[in-house]
Amino acid sequence: TTRQTFIQAESGLANQMAGASIGISQGSGPVTEVLCLMNMVTEEELKNDEDYDDIVEDIKEECSKYGVVRSLEIPRSLPGMNVPGVGKVYVEFGETGDCQSAQAALTGRKFANGTVMTSYFDLEKYHNRQF
């Protein structure tokens with residue numbers, strides 16, 4: 001693919017963040033089946049259809065390691081329209097436990113040129129595309 005796959009953060013950040021004393025879920029909102037991934041894609045990267053498809057496949061493949069991925073949304077900008085959520089990735093898991101596992105594993109990891117940040121996202125807002 002045209003994108004790098006996830007790699008373990010080289011600094012101790014991922015290990016520090018995964019430590020029980022830090023509480024990785026603090027500040028990420030109430031646990032839901034939907035995980036919002038930030039710092040993974042840019043608006044520019046989403047313009048080309050082939051690049052977009054590669055990004056979707058890379059993210060779906062990685063997230064499937066933590067459980068069933070029911071759906072995945074990566075909002076793209078449209079000419080003349082303000083599309084909310086552009087630059088974020090939304091992943092719906094089959095169960096909240098799978099989403100928690102992904103959140104713990106992906107926060108602080110490297111993807112392309114960014115460090116992944118995560119938060120849980122309201123399931124109803126996700127289904128209504130209220131990004």
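1. Phenylalanine 93, once its neighbours within four places in sequence are left aside, is in contact with Glu33, Leu35, Cys63, Tyr66, Gly67, Val68, Val69, Arg70, Asp98, Cys99 and Ala102, where contact means heavy atoms within 4.5 Å. The model is a predicted one, in which local features need pLDDT of at least 70 and side-chain atom pairs count only at pLDDT 80 or more, whereas totals for chains, interfaces and linings use all residues. Residues are numbered from 1 along each chain as its sequence is written, and side-chain values use heavy atoms, with hydrogens and water left out.

2. Phe93 is also listed, with Leu37, Ile59, Cys63, Ile74, Val89 and Val91, among the residues that have the most contacts inside the largest nonpolar core, a set of 23 residues. Such a core is a set of buried Ala, Val, Leu, Ile, Met, Phe, Trp, Tyr and Cys residues joined through side-chain atoms within 4.5 Å, and buried means under 20% relative accessible area with a 1.4 Å probe, counting protein chains only. Two or more residues each come from E1, H2, E2, E3 and H3, and H2 gives the most, with five.

3. On the overall fold, the protein has four helices and six strands, which follow the pattern α-β-α-β-β-α-β-β-β-α along the sequence. Helices (H or I, at least four residues) and strands (E, at least two) are DSSP runs numbered from the N terminus.

4. Four of the strands form an open, antiparallel sheet in the order E2-E3-E1-E6, two strands being paired if DSSP finds at least two bridges between them. Because strand E2 (69-73) and strand E6 (117-121) stand at the edges with a single partner strand each, one side of each is left without a neighbour in the sheet. The twist averages 25 degrees from one strand to the next, with axes fitted to C-alpha atoms (for helices, over the stretch in contact) and angles running from 0 to 180 degrees between N-to-C directions.

5. Within this sheet, E1 (residues 34-38) and E3 (residues 89-93) pair in the antiparallel sense over four bridges, and valine 34 has glutamate 92 in E3 as its bridge partner. Helix H3 (residues 96-106) packs on the sheet, touching E1, E3 and E6, and its direction makes about 20 degrees with that of E1. Helix H2 (residues 49-63) lies across E1, E2 and E3 and runs at about 150 degrees to E2.

6. For the protein overall, buried residues make up 42% of the 131 residues.

Technical notes
Buried means under 20% relative accessible area, exposed over 50%, partly exposed in between (1.4 Å probe, protein chains only).
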